[in-house]
Amino acid sequence: MFRLYQTVTDDPYINLAIEAQLFREKKKTVFLWRNRPCVIAGRNQNLYAEADLSFAKRNGILPVRRTTGGGCVYHDHGNLNYSFILPQEELDRAPQMILQILSLVNIEAEASGRNDLMISGRKLGGTAWQSEDEWVLFHGTLLIETDLEKMRHVLTPAKLKLASKGISSVRSRVINLKEVCSSLTAEMICGACEQFFGCEAMNIEPDERIIKEAEKLRSEKWIFGECADYQAEHDFKTDQGIMRVCLSVHDGVISGVTLSHDFMDAAFIPDMEPLKGMLYNPDEIYARISALIRGKGLNVHI
């Protein structure tokens with residue numbers, strides 16, 4: 001028999017911390033949760049390579065990294081997230097249970113492969129999972145009335161040259177469930193979950209341990225530092241010519257800098273050593289390099 005919980009917050013860091021706490025308990029559990037707008041990278045991904053973080057910042061979309069694998073996804077109040085915690089030998093039951101729950105609200109979907117849930121060839125949400133001590137955390141999202149335009153935009157990375165060993169997302173066509181059933185709401189799906197599992201969803205409040213873990217999940221070190229090493233390139237057009245700055249990034253921190261340029265006078269080449277040890281953030285690093293170039297009396301031409 002499954003325990004059924006629902007969140008009382010739309011804070012993605014708190015919700016992921018609650019999910020982690022429930023997974024540690026290793027009991028059959030279903031957790032329903034919704035987030036404010038955020039872009040969530042998989043455990044082994046580079047958010048800079050997966051999302052347009054400048055767009056995200058302008059639109060109040062939070063950057064998040066989860067502990068499970070899989071691709072980068074967008075959440076907002078128009079989707080409902082679910083987490084199944086169950087023994088590893090029952091993993092294949094999780095997507096089937098979601099399909100059965102959806103059928104209770106007259107949504108007929110199908111499984112494609114092991115994890116994808118589809119309607120007419122379009123994904124109704126992403127899924128990911130992780131295993132530990134013969135238990136599995138399987139979680140995913142149901143797109144109900146998500147802002148697909150914002151989703152498309154934020155999941156289109158800015159044109160920054162990145163070479164990474166991380167895992168890239170595979171983009172798929174998606175569908176909002178309201179296109180299939182215009183009257184559908186998240187509350188209806190929650191009610192269908194209660195009907196399916198034969199129990200009322202219990203509210204779960206964040207305790208001190210969950211709040212502490214959420215602070216780790218919202219830290220820049222976790223969000224941007226916990227990814228595979230990569231190379232980032234920035235090009236600058238100056239009064240003396242073109243300069244390319246290539247940065248080696250390890251654990252989110254700049255570990256090496258190399259320059260290439262077509263300057264005639266080496267006296268105008270700035271010292272880039274101050275960049276080493278800085279947390280890599282494209283906008284901040286671009287501004288810092290521009291300042292170093294201008295410190296040599298040169299203009300940076302956009």
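Biologist: Contact means heavy atoms within 4.5 Å, so what covers the buried residues of helix 7?

Modeller: The cover includes helix 1 (12–25), strand 4 (62–65) and helix 8 (220–225). Helices (H or I, at least four residues) and strands (E, at least two) are DSSP runs, numbered from the N terminus. This is a predicted model, where local features need pLDDT of at least 70, side-chain atom pairs count only at pLDDT 80 or more, and totals for chains, interfaces and linings use all residues. Residues are numbered from 1 along each chain as its sequence is written, and side-chain values use heavy atoms, with hydrogens and water left out.

Biologist: Which residues of helix 7 are buried?

Modeller: Ile210, Ala214 and Leu217, in a helix that spans residues 208–217. Their arc, taken from the directions from the helix axis to the C-beta atoms, is only 55°, which puts them on the same side of helix 7. Buried is under 20% relative accessible area, exposed is over 50%, and partly exposed is in between (1.4 Å probe, protein chains only).

Biologist: And what does the face turned away carry?

Modeller: Glu208 and Lys212, both exposed, are on that face of helix 7.

Biologist: What caps the N-terminal end of helix 7?

Modeller: Asp207 does, with a side-chain oxygen 3.2 Å from the backbone nitrogen of Arg209.

Biologist: New topic. Where is Asn79, and is Asn79 buried or exposed?

Modeller: Asn79 belongs to strand 6 (residues 79–87). Asn79 is buried, at a relative accessible area of 0%.

Biologist: What does the side chain of Asn79 make a polar contact with?

Modeller: With the side chain of Asn81, at 2.9 Å. A polar atom of the Asn79 side chain also lies 2.8 Å from the backbone nitrogen of Asp76. A polar contact is a pair of N or O atoms within 3.5 Å; within protein, one must be able to donate a hydrogen and the other to accept it, and residues adjacent in sequence count only if both atoms are side-chain atoms.

Biologist: Now Gly277: buried or exposed?

Modeller: Exposed, with a relative accessible area of 55% for Gly277. You'll find Gly277 in the loop between strand 16 (253–261) and helix 9 (282–294). Leaving aside neighbours within four places in sequence, Gly277 is in contact with Val253 and Ile254.

Biologist: Last one: what pLDDT does the chain average?

Modeller: The average is 88, and 93% of the residues score at least 70. That score is the predictor's confidence in each residue, from 0 to 100. Over residues 167–171, though, the pLDDT is below 50.

Methods. Contact = heavy atoms within 4.5 Å.
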